[in-house]
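Subject: Structure handover

Hello,

I am passing this structure on to you. Please have a look at it, and then read the notes below.

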Amino acid sequence: MIRRAALIALLLLPTAARAQDAMPQVMAALAANRDSRATFVEEKELPELDRPLTARGTLAWHAPDRLEKRTTEPFEERLLVEGDRMLLERPDRGVRQELALDTAPEIRPLVEAIRATHAGDAATLRTYFRIDFSGDPERWRMVLTPLSVRVLAAVQRITIEGEGGAVLMVETQGREGRSRMTVTPAR
């Protein structure tokens, strides 16, 4: 039995090693995209809802640290992160909230999961998450597990998938449900 387990480990080692070798290439490809625009469809599954809540909108990234998510359906909302500031606007409700990310230790890792991925910044990702990377530079997947117990209480993992230097899917699994955002880059 031990021999079989050792043989399986030896067979899997090259795959794991190749994935780890691919991560720096993917991070470099992501970092090379200084500006990007995309549309998104996001489905949120919550225990209190019979069916997922679907939202649509646009995403914009501008290096080194500007990320904007504009929801257009089913309501208008704007989430802008730039530097260490985050702005949330909901015109239909007259909401305009701004906060410094340093004052929200439970929010910053969630912001950095997306922003540091777009920036190709593996060092920042490692500050907040354990990273399980698989795939190759053409098609890859990262599973981010929060290092903070406080964040882990709300979000168990964030899965990000992409192709080359483009993020195509972000899924967040939390105690209160799951969110899956499918991203279509502008061509």
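Helices and strands are here DSSP runs, of at least four residues (H or I) for a helix and at least two (E) for a strand, numbered from the N terminus. By that count the protein has four helices and eleven strands. Please keep in mind that this is a predicted model.

Some overall values come first. The protein has 187 residues, and 36% of them are buried. Its accessible surface is about 11200 Å², with 54% of that belonging to carbon and sulfur atoms.

Now to the strands. Strand S1 covers residues 35-45 and strand S2 covers residues 53-62; the two run antiparallel and are joined by ten bridges. One of the pairs in this arrangement is Asp35 with His62, the latter in S2. Another is Phe40, which stands opposite Gly57 of S2.

S1 also pairs with strand S11, residues 177-185, again antiparallel, through eight bridges. Which residue of S11 is the bridge partner of Phe40? That partner is Val183. Phe40 therefore has a bridge partner in S11, Val183, and a residue opposite in S2, Gly57, given that strands count as paired when DSSP finds at least two bridges between them.

S2 in turn pairs with strand S3, residues 66-73, by seven bridges, and this pair runs antiparallel as well. Leu59 stands opposite Lys69 of S3. S2 and S3 make up a hairpin, and three residues lie between the two strands.

The last item is on the surface. Leu46, Leu49 and Leu53 form a nonpolar patch there, and together they have about 220 Å² of accessible area. Leu53 belongs to strand S2, the strand that pairs with S1 and with S3. Is Leu53 buried or partly exposed? Its relative accessible area is 40%, so Leu53 is partly exposed. Patch residues need over 30% relative accessible area, and Leu53 has 40%.

Regards

Notes
Residues numbered from 1 in each chain as written. Predicted model: local features only at pLDDT ≥ 70, side-chain atom pairs only at ≥ 80, totals over all residues. Heavy atoms only, no water. Patch = residues over 30% accessible without salt bridge, like charges linked within 9 Å, V, L, I, M, F, W, Y side chains within 5 Å. Areas by Shrake-Rupley, 256 points an atom, 1.4 Å probe, with all protein chains shown as cover. Salt bridge = Lys/Arg side-chain N within 4 Å of Asp/Glu carboxyl O. Buried < 20%, exposed > 50% of the residue type's maximum accessible area, 1.4 Å probe, protein only.
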